[in-house]
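Trainee: I would like to learn how to read a model like this one. Please take me through it feature by feature.

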Amino acid sequence: MPDPVKLTIDGRAITAAPGTLLIDAAKAAGIEIPAFCYYEGLSLAAACRMCLVEVEKMPKLMTACTLPVAEGMVVRTDTPQVATARKYTLEFLLTNHPLDCPVCDKGGECELQDMVFRYGAGESRYTEIKVHTPEKQFSPVVFFDAPRCILCFRCVRICNEGMGVGALGVIQRGVVSEIAPNMGDHLECDECGACIDICPVGALTSGSYRYQTRPWEMTHVGTICTHCADGCKTTLGTRNNHIIRGNNRDHSGINGEFLCIKGRYAFDFYDHPDRLQAPLIRKNGKLEEVSWSEALTTVAKKFTKTLADNGTFGVIGSNHTTNEENFYLQKFARKVLHTNNVDHHRTGDVVTLLDALSEAGQGKLASVADLYERKAFLILGADLALEHPLLSNQIRSNFRHHQARIYVVTEKPVREDKYCAASLRGRDYSSLTEKLQKESELVIVFDDSYCGEDVRKLVAFGTSLGIPVSYVPLVDYSNSRGAIDMGMVPELLPGYKPSGQPGLHVNEMLEGNLDVLWVVGANPFKAGGKKPAFLVVQDLFLTETASQADIVLPAACAYEKYGTITNVTGEVQRLKLAINTMGAKPDLDIMGFIAREMSAAAILGPWFPDTITDQIVKTVHGYKVPMATLATGGAAQTMPVNGRISPGTLPGLVHSDHNGLFASGTLGRYSKVLNSVVENRARH
Amino acid sequence: MLYNEPSPLETRVLSRRFGQPNSTSIETYLADEGYAAFKKAAGMTPEKIIEEVKISNLRGRGGAGFPTGMKWSFVPRTSPKPKYIVVNADESEPGTCKDRVLIENDPHQLIEGVLIAGLAVDAHAGYIYVRGEYRYLIEILDKAIAEAYEKGFLGKNIQGTGFDFELYTHTGAGAYECGEESALLESLEGKRGIPRIRPPFPAVAGAFQCPTVLNNVETYCAVPAILRDGGAAFAALGIPKAGGTKMTCLTGHINKPGVYELKLGFPVKQMIEEVGGGIRMGHKLKAFIPGGSSCPVLTAAEVEGANMDYDSMASRKSMLGSGGVIIMDDQTCMVKAALRIMKFYAHESCGWCIPCREGTTWLRKILDRFHSGGGTRADINLIGDISRNMLGRTFCPLGDAAAMPTLSIVEKFRGEFEDHLNGKPCPYEHEMATA
Amino acid sequence: MTFSPELEGRFEKLLRSYPPGRQRSALIPMLLYAQDEVGCVSDELIDEVAKRIGVTTLVVNEVMSYYSMLHRKPLGKFHVQVCTNISCLLNDGDKLYEHACKKLGIGHKGVTPDGEFSLEEVECMGACSWAPAIQVNYDFHHFVTPEKLDRLLDGLKDGPPGGPRKK
């Protein structure tokens, strides 16, 4: 480590690492230097001139956002000259800024308002006509109000540098300079909304949030996105049990400021008109709404009778319910229903990877943070930018900030091709051996096209490189990884312990031979299958599966309950209830009530999420994670490698849905925002 | 071709071949010591070339006046990166039309200057960035460059010296800001003409992020004479801290407008009266801009005893600038002049930084309203205040360039602003003189 | 999009003029030279140049809209540019511009109905010592009086087709 640089800011002695920008050094010391255009991690602009400070021996005010600290530098941010510069820069900004704060979405959390409040002039001397242009809609998601724009160019930089999309630019020059979308009159991009999030004013606003609320009327609940497996934290702004907005406003969580369209907007499925709000029972061939008590009693009676008749059960768990729910469900199946016919839709071969790593005695699982920090990456099969936008973002940022080397072997062109060290089409990665051996470390990311023997070969390849290698086995959904960890398969118990009993797999359960099939948060009949004698379904919507059911129990979504989920990299995070919902109940409650109705609750224990989390932490290998981390909104990586796993899963059962940016299984079908974007793209 | 009669008071160093028949052809050039300086320089060490330029006291002729030899010495000659020579022929400072004359009359002199700069910093490629409006100059240059290739003064192993050099013309497309060196480099790379954050300076990271010498046309054109006749001889033409001559454009209310090559330190009074033949129609001098519209305006009284050099102008809180002298007689409306100047800067502001983008337009609007009779007394102070709030706080010198003349006009000609008050439209408006 | 052999030759030369991987440098010259032939920077031209240089159309749009000589709408066959900046103003360039407006019956950036002439009030064009000055396409005209302007424009209108723009 080079020696720290000593400097003085406002009379205070400060030290900072060489190369630190003055604005950051001041911030670390608790001295605010205001800025609009400066944004950590993006290229420097020096455009807004808000960060001008006095530096001794310099004839002019200097921009603190471009000036690296220097030994002996004497800086003043508290002089009348600096105050005047800030005040009048704001006056300049306000000349063409419409003072429509009372109807602006940003009012109340606007950086320009805050700056004017703190540093600006109370009155304007501007009496000329303001430049005005009408508002434009760039996409279903993105609206642009040019007059409000202060031209800090953050949106252009985050889209280009941060997202690697480059869908926004600047056209014209001078006072009529304007942010413009890539297709002339509209945007064609990831619709991630990063531009909206990063906008310090109300120039870029979101189609779903605009004119919905004043920001201060919202309650902000930090929870985890329920769509893909990446596990981004999203802060839901709620009001009167409605979700109004999703963002990651405090940039906490594994995703920092990153969110894709799903994390930011696709929460809207929760109040789709088709959402189930009352239990349904099939009467005379038709599903009819009934009370919860009738529904639960009917299910419990059916289960009890089937048990008494020595009937057969099948239980299908979910890729997006919580760990606690899957844990409780498999326990229910095994301990109460006495069946090992327990399974779920597997989207990646995690089991073989864990076994192969145990066999190899080395190699581990990479975390989301690793993707930003490790030096080299081998991406196999997946189109990360579309299917795992956070992972793609981490690797892209790693390249941008640390020049990570990326090797891509995919069937089709992918976005990583643009900046990778090597890109191959197909599946053969062996020709990269020599190059990879020269790396000091490697992260291998692979999708469901690598299963069984292919995964073992891959681990053998990784081991042969002679460098530290870690892995990310890609899975699809928000708790795909947790489902397998929780033993939601016939051959394994929670923590990958062998169940030692035979059990039916999903496809076998769909053959129609069971007396009762209980489906919790899944849609196994999406592509057909034979209805069993009695079908119980817990879900949010009347899916292909639910519409065939004898009883449908309306379930709460991830934003309406507590619990933990485990993301693609094995990191456990806690869901927090953001809104209460009418009619639907969390799956855990539904299962608990059924157990109670069956007088079997005592066997399974209390069905409070936290109590079950405790049980999981105590009993599931690898889940000994610090509870304080989870409780405070952090992520804790599990270490489920537990020696050899036997038996391995059947590779033929693994298949990914390969959801792109605008799809998300069942939930995506009920998101207005995702559908509007898809329709809009089809129209252009 | 010349557009004005030469003056006997000129010192014709850079313009020595002007007016000769076929002055643009390489034959004419070679017949008059053309490329002799290059040959001489090729036999010198790079250090010696730079030393000679330093001795000449040549200072950048684009307007900033930075010592050229020192600028060249900042280029890391031993850098493994390629180095480039870039010529700023984006002449667009209002009042300035000298580079045009230099290229139009003697393109080979520029090429030779570029070659010598190439020798000095180990550069093997160069670009002449010509403003888009000067299309005919690109044609002249392309022809001259082709001749130079043909005669072995460009290309591989030039004149058997082992020195290689490729030279290209590059057109701009209408943007004053691209005359600013870092914006020019952005434009050369096919981007919007937004200046770069400095450091690094072009000497270290210029064209294509490689070490680059970037000078004005006139600066390069002075180099052959310096190498040919020695830096000391060039220095002796000027004054102690600024050597040589300055191509000076007399514009505005002057009887003999034109481009004249005058020794640095030439007396302003003599320049107006003798070189320029005095103020038109016997009027009196009201205001004087020494070197392009970016310079603070001087009053007739301030010009008394002034000379056309860096220090003399600096001591009067103005600048020598680009050599675009703007002369305004006592019939001139200074509010209108300020308005027109601000209209220009508001049009040319790149829009990157807040004070320049918003300040220039705000000032333009106030001045426009003021000149049409809608001004208030408070506006007068406001004009000064806005200018002061731009000064020194913008991303690049364009903000200063807009603020300085305005500030000087509002401070020195406040009375004219007063005259425009009370709904009285411009009291200086006149019919078109020739109409 | 097809261009004349001369323009293709110009493009080829431009693309060779910059260091490897720096073809984007040719963007502005390509647009300007192509505009001279095509008449304006059309959507089609933007697509074509973007393709040839290997950048997005957004990049081309950002760049082209910055430069005041690049026009999205077709200009007249004779594009009359009257400078009214300070040195020309002092020599009644503003009044010359007003005269041109009246003469052509169009205003700033207007085009005559027959497509022969377009007019633009431009910033300093580097003819300050020979003010007031105008440019018709790329040709400079110095010390222009209203009478001189009338003669010039009348002569152009009656002159050979093609005009001086396409050099």
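Mentor: Start with H8(A), which is mostly covered: 13 of its 14 residues are buried. Buried means 20 or more other C-beta atoms within 10 Å of a residue's own, exposed means 12 or fewer, and partly exposed lies in between, with C-beta atoms placed from the backbone. Helices (H or I, at least four residues) and strands (E, at least two) are DSSP runs, numbered from the N terminus. The model is predicted: local features need pLDDT of at least 70, side-chain atom pairs count only at pLDDT 80 or more, and totals for chains, interfaces and linings use all residues. Residues are numbered from 1 along each chain as its sequence is written, while chains are lettered from A and ligands numbered from 1 in the order in which they are written.

Trainee: Why does the end-to-end distance of helix H8 of chain A agree with what it should span?

Mentor: The expected span is 1.5 Å times one less than the number of residues. Helix H8 (residues 323-336) has 14 residues, so it should span 20 Å, and its end C-alpha atoms are 19 Å apart. Just after H8(A), His338(A) takes a positive phi of about 55°.

Trainee: How many helices and strands does chain C have?

Mentor: Chain C has 7 helices and 4 strands. Their order along the sequence is α-α-α-α-β-α-α-β-β-β-α. The C-alpha trace spans about 50 × 30 × 25 Å along its principal axes. Of the 167 residues of chain C, 47% count as buried.

Trainee: What share of the contacts in chain C with a separation of 6 or more joins residues 24 or more positions apart?

Mentor: A contact needs C-beta atoms, placed from the backbone, within 7 Å. The share is 61%.

Definitions and conventions:
Contact = placed C-beta atoms within 7 Å.
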